[in-house]
Amino acid sequence: MKNFKFLLAGVVLIAGFNSCLDKYTETFMANVPVYMALEEWRALDIVAESSRQIQEAGKIYIYQDYLFIVDRGSGIHIVNNANPASPQNIAFLPVLGCVDVAVRNNALYVDSFHDLLSFNINDPASPDLTCRIPNAFDSNFWILAPGFNDNLPIAGLTYNTDIIVGWTQTEISTHIESHPHWDILFDERSSPGTVLANVSTGVGGSMAQFTITDSYLYVLRPSSITSFNLDQNQCPELGTVTSVSWEAETIFPYNNHLFLGTTSGMMIYHLNNPASPVFVSSIAHLTACDPVVVQDDRAYVTIRSGNNCWGNINQLIVIDISNYNAPFTLAEYDLTNPHGLGIDGNTLFICDGSAGLKVYNAEDDMAIADNMIAHYDNINTYDVIPYNNVLIMSAKEGIYQYNYTDPLNITQLSFIPVN
């Protein structure tokens, strides 16, 4: 959204100079959207299918003995992970426009473009759609529809209520002024979308934008947190929408608080009234993408460059949060291109992008870089969940699982490849 606003401002600015510019025709290949009417999309029957190979591994989520793997934009792979050394892919749930999942009391919550969907997973191999909340939040995930080519610009967008369900690559000719075509309309990983008791809860990764604490689901969007009360028979109750002043990317729950990773820093909100998160404090850093995890009185933040991340800094930042009202930076460590991370006791796991998985002893805040205990290179890593001495890692190549009972002797348990 931020990039789009800047682009609009630039278009308005140069409009005043059009009379001074020559016109010419430029031809180039571009991503062109394939639309489906909103009513037709919402009428689709969402039924679990036979298991299939992962196309693009995204967010990961653990609930009891099951691992849920988001195939970005197309659906969710459901894996029986009772034995992490031999995971069994049991079903695929096709959900267009999905990015995140969360589970509570056998209810699976997933986004589908603008809508929030709820499935009963008493039988995880056969989820049953129980509720759809239309226009529950903004969607800016158009490019997750199948067929998008990261290396090409976008053309042919129309601002209506139809849903983009796919992309084709088409040769475009356009009459323009004597300036570049500005990647018509924009070449951006995050495009503007149409605005429209006995508790068992799962565990998500550090890149999550869905999280559940107690009886509330919190859904993060770049400028807001939307809360949903889950103590209903079937449908979550849409609650408050809390504005976020910085462009937010990730959400992590800890100790009755929400920690937001944003492009400008870390923000803390308390949940004294769980229906309405309240801002507590923030700590700024240079502009970059920013997931965060928390343990005890420390927050661990990675910031990275690349894609729609505006900065050129790639670091791990350790933050003292012993006073939530006044967090401060303790240490910074240079990395290659860090994405997700996880912490369990003194063991810190960092997905350093194309530099692989790096594992550190984080007992000494001021010497983490000097205490690397394992490095798995030649893997393009994305996010991790440390869970019961098993590390589950999402990567470009697929899903890896490791036993870290002995952090000095980590062993790989299994690998689920992408297609």
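Strand β2 (residues 57–63) gives the second largest cavity the largest share of its lining, three residues. Keep in mind as you look around that this is a predicted model. The cavity holds about 50 Å³ of space. Its lining is made up of Lys 59, Ile 60, Tyr 61, Asp 100, Val 101, Gly 204, Gly 205, Met 207, Ala 208 and Asp 383.

Now for the aromatic rings. Searching the whole structure turns up eleven aromatic pairs. One of them joins Tyr 216 and Tyr 218, whose planes meet at 25°, so this pair counts as stacked, the cut-off being under 30 degrees. Another is Tyr 400 with Tyr 402, and here the planes are at 10°, so this pair is stacked too. The ring geometry of these two pairs is set out below.

| Pair | Distance between ring centres | Angle between planes |
|---|---|---|
| Tyr 216 and Tyr 218 | 6.2 Å | 25° |
| Tyr 400 and Tyr 402 | 6.3 Å | 10° |

Are these tyrosines buried or exposed? Tyr 216 and Tyr 218 are both buried, and Tyr 400 and Tyr 402 are both buried as well. Tyr 400 and Tyr 402 also belong to an aromatic cluster, together with Tyr 376 and Phe 415.

Arg 132 sits over the face of Trp 41, 5.2 Å from the ring centre. Arg 221 lies over the face of Phe 137, at 4.5 Å from the ring centre.

Notes: Residues numbered from 1 in each chain as written. Predicted model: local features only at pLDDT ≥ 70, side-chain atom pairs only at ≥ 80, totals over all residues. Heavy atoms only, no water. 1 Å grid on protein atoms, 1.4 Å probe; cavity = no way out; pocket = protein on both sides within 12 Å on 5 of 7 lines; lining within 4 Å. Points joined across faces, edges and corners; volume = space filled by probe spheres on them. Helix = DSSP H or I, 4+ residues; strand = E, 2+ residues; numbered from the N terminus. Phe/Tyr/Trp six-rings, centres within 6.5 Å; stacked < 30°, edge-to-face > 60°. Buried < 20%, exposed > 50% of the residue type's maximum accessible area, 1.4 Å probe, protein only. Lys NZ or Arg CZ within 6 Å of the ring centre and 35° of its normal.
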